Amino acid sequence: MKQKALFFIATLALTTLLGTACTSATVNEQTAEAALDESVADSLDLVMAIARTSRLHTAEYHVHKIVTHSDVKFLRTTVLGRTLDTRLSLGDRKIAIPIDVTLKAYIDFSGFNESQIERSDDGQKIHIILPDPKVVVTSSKVDHERTRQYTDILRSDFTDEEMTAFTSQGVRSILRTVPQLGILATARQSAARTLIPLIASMGYSEGDIVITFRKEFTEKDLPQLIDNERSVVKF
Amino acid sequence: MKLQTDKSNHTLSNSLLIIAAVVLCALGVRRCHENREILDVEVVHSDSIDFTPVHIRSIENIGEWEFLAIADEELVDSTRHRTLGRDDRLVRIYHGTLRLGIDLSQAREGWVQTEGDSVHLQLPPVRLLSERFIDEARTRAFYESGTWSARAKEQMYYKAARQMRHRCVTPQTLKQAETNARAELTALFQTFGFTRVGIDFDDL
């Protein structure tokens, strides 16, 4: 009985060891695959892309943010899956990067069709249902002259690579605040301001023109509608 | 005889125990080394930015109709020669999207003329809609040696902008944007019931 128990323990240990080795191999394969994907994406990025569009930009926001980062070193001790961080007194590094970002709200008319136009029976009134508005980052600029970094004697300066990574994070954080910027309401008002005179010139009275979006968007809808492409947010 | 069998069993048990102990030790060392679950000590630092507010500098109502978007990347290389030692180099790859189209705020009074089922549009010239088209947050720091001033980086930014403009805003791309504008606006006005759509552009 005792022998059987010992034999079982030994077999279990060997199986676990083999399992760990297999898992490790799979992880390595996945890492290699990810690296391959990344290299493909990089080479595609270098191609100049020309796209035919029909976008009516209706609102422009100039946004400013000071991106800050405090680089503090910690000693991370992991014992049996439990992690304990202890701050090290090796000196701090801090950086502040002012950035200016231009956001534009636009309506894409490339898919616009007759189903989005409703006319009254007498032909006097017109109702236009606009395509969903979107927001795009059209430019971002780092104020290099006003960028400040503070590094203790034991630490090195921030590299250009680190600074560009922080700037990129800064723009992403601005995009996350888009729902609070009120750009949706501005886009709608501005679209009406541009399109109503245009439609009025077709013979409609301005009071008989109604312009709406496909649905009433609420703040709750917005987070789910953020596009994967970093610079474009769909509403 | 029984004593010999017991002794043999005892030896076998010891051997199995030793094998199990060796395997468990190997497993422990391996997990400790690779998975870092049992014991791991490392120096880490945060790489995320702090929470700071976003300030809206201005909000503008615009009426810019974009008909061609050109996404471009430019590699800008800057070298500083040193008398002693290796030269300093900074190489950055800038990303920008140049948008060509018309600015309706520049359209003349009465730029839309209708007559029956015909419409005529007198549009402002197709041009680059914004001079600020570089998304510097997407810049890739490709290579850096030495220390570089803010002024040097500003100069590289403007050099990249000049290169992009020179490469992307050409008579050919402006013509292509104009062709797209004709096609898109014709289709749009046809959805409003106009069968004949005439389009002319003002001179630059």
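Predicted model: local features only at pLDDT ≥ 70, side-chain atom pairs only at ≥ 80, totals over all residues.
Local features are reported where pLDDT is at least 70 and side-chain atom pairs only at pLDDT 80 or more, whereas totals for chains, interfaces and linings use all residues. Residues are numbered from 1 along each chain as its sequence is written, and chains are lettered from A and ligands numbered from 1 in the order in which they are written.

Chain A contains 4 helices and 10 strands, where helices (H or I, at least four residues) and strands (E, at least two) are DSSP runs numbered from the N terminus. Read from the N terminus, its elements follow the order α-β-β-β-β-β-β-β-β-α-α-α-β-β. Of the 235 residues of chain A, 24% are buried; a residue counts as buried if 20 or more other C-beta atoms, placed from the backbone, lie within 10 Å of its own, as exposed if 12 or fewer do, and as partly exposed in between. Two residues are in contact if their C-beta atoms, placed from the backbone, lie within 7 Å. Among contacts in chain A between residues at least 6 apart in sequence, 76% join residues at least 24 apart.

An open sheet of 3 strands in chain A has the order β5-β6-β9 and mixed pairing; two strands pair if DSSP finds at least two bridges between them. β5 (117–119) and β9 (209–213) of chain A are the edge strands, each with a single partner, so one side of each lacks a neighbour in the sheet. From one strand to the next the twist averages 15°. β5(A) and β6(A) (residues 126–130) run antiparallel and are joined by 3 bridges, with E118(A) opposite H127(A).

Across β6 and β9 of chain A lies helix α4 (residues 183–200), at about 145° to β9(A). Axes are lines fitted to C-alpha atoms, for helices over the stretch in contact, and angles run from 0 to 180 degrees between N-to-C directions. The buried residues of α4(A) include I183(A), L184(A), A187(A) and R188(A).

The contact between the chains takes 75 residues from chain B and 89 residues from chain A. On the side of chain B that touches chain A, β2(B) gives the largest share, 20 residues. Strand β1 (residues 49–71) of chain A runs antiparallel to β2(B), and 14 bridges join the two. In this pairing, E60(A) stands opposite E60(B).
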